[in-house]
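Open the viewer and keep the sequence panel beside it. This tour goes stop by stop, telling you what to select and what to look for.

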Amino acid sequence: QVQPVESGGGLVQAGGSLRLSCAASRRTFSRYNMGWFRQAPGKEREFVAAITWSSSNTYYADSVKGRFTISRDNAKNTVYLQMNKLKPEDTAVYFCNAGLSIGDFRGGYWGQGTQVTVSS
């Protein structure tokens with residue numbers, strides 16, 4: 001089992017940037033697909049981005065394409081989410097997922113989440 005731990009959330013003005021990090025302490029981290037999800041108040045958790053274990057493929061929700069970038073550093077057991085041109089509607093708790101399946105983006109292990117708030 002792997003336990004992801006998110007960091008990097010905070011308060012930012014619309015148009016600004018944040019970089020989220022997710023560390024997972026397990027030697028087999030490099031074999032896990034990794035993903036980011038978010039949940040806004042009163043809404044269901046939704047898929048944001050995913051990256052395969054080899055970094056050969058990345059996937060994005062339409063709402064973040066061209067603004068967010070997912071990447072990973074397997075030597076540091078860390079996955080990142082660079083968020084640019086943030087909008088108030090990006091406000092949510094962002095969750096890291098380790099081990100989700102590619103395609104349906106289900107399964108895996110969840111972190112506790114980190115709050116991102118974008119002010120207008």
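Which residue forms a disulfide with Cys22? Select Cys22 and Cys96: these two form the disulfide, with their sulfur atoms 2.1 Å apart. Keep in mind that this is a predicted model.

**Stop 1: the disulfide**

Stay on this pair. A disulfide is a covalent bond between the sulfur atoms of two cysteines. The structure holds one disulfide. Distant parts of the chain are linked by the pair, with Cys22 in strand S3 and Cys96 in strand S9 (residues 92–98), 74 residues apart. Now look along the S-S bond of Cys22 and Cys96. The torsion there is about -80 degrees, so the disulfide is left-handed.

Are the two cysteines buried or exposed? Cys22 has a relative accessible area of 0%, so Cys22 is buried. Cys96 is buried too, at 0% relative accessibility.

**Stop 2: the whole chain**

Zoom out and switch to a cartoon view. Count the strands: there are eleven, with zero helices. From one end of the sequence to the other, the pattern reads β-β-β-β-β-β-β-β-β-β-β. The chain is as compact as a globular protein of its length, because its radius of gyration is 13 Å, close to the 14 Å that the globule rule gives for 120 residues. Along the principal axes, the trace spans about 40 × 25 × 25 Å.

Show contacts next. Take those between residues at least 6 apart in sequence: 56% of them join residues at least 24 apart. As for burial, 42% of the 120 residues count as buried.

**Stop 3**

Bring the surface back. The accessible surface of the chain comes to about 6300 Å². Carbon and sulfur atoms account for 46% of that surface.

**Stop 4: Ala14**

Finally, select Ala14. Where does Ala14 sit? Look in the loop between strand S2 (10–13) and strand S3 (18–24). Ala14 counts as partly exposed, because its relative accessibility is 43%.

Definitions and conventions. Residues numbered from 1 in each chain as written. Predicted model: local features only at pLDDT ≥ 70, side-chain atom pairs only at ≥ 80, totals over all residues. Heavy atoms only, no water. Helix = DSSP H or I, 4+ residues; strand = E, 2+ residues; numbered from the N terminus. Buried < 20%, exposed > 50% of the residue type's maximum accessible area, 1.4 Å probe, protein only. Rg over C-alpha atoms; globule rule 2.2 N^0.38 Å. Contact = heavy atoms within 4.5 Å. Areas by Shrake-Rupley, 256 points an atom, 1.4 Å probe, with all protein chains shown as cover. Disulfide = S-S within 2.5 Å.
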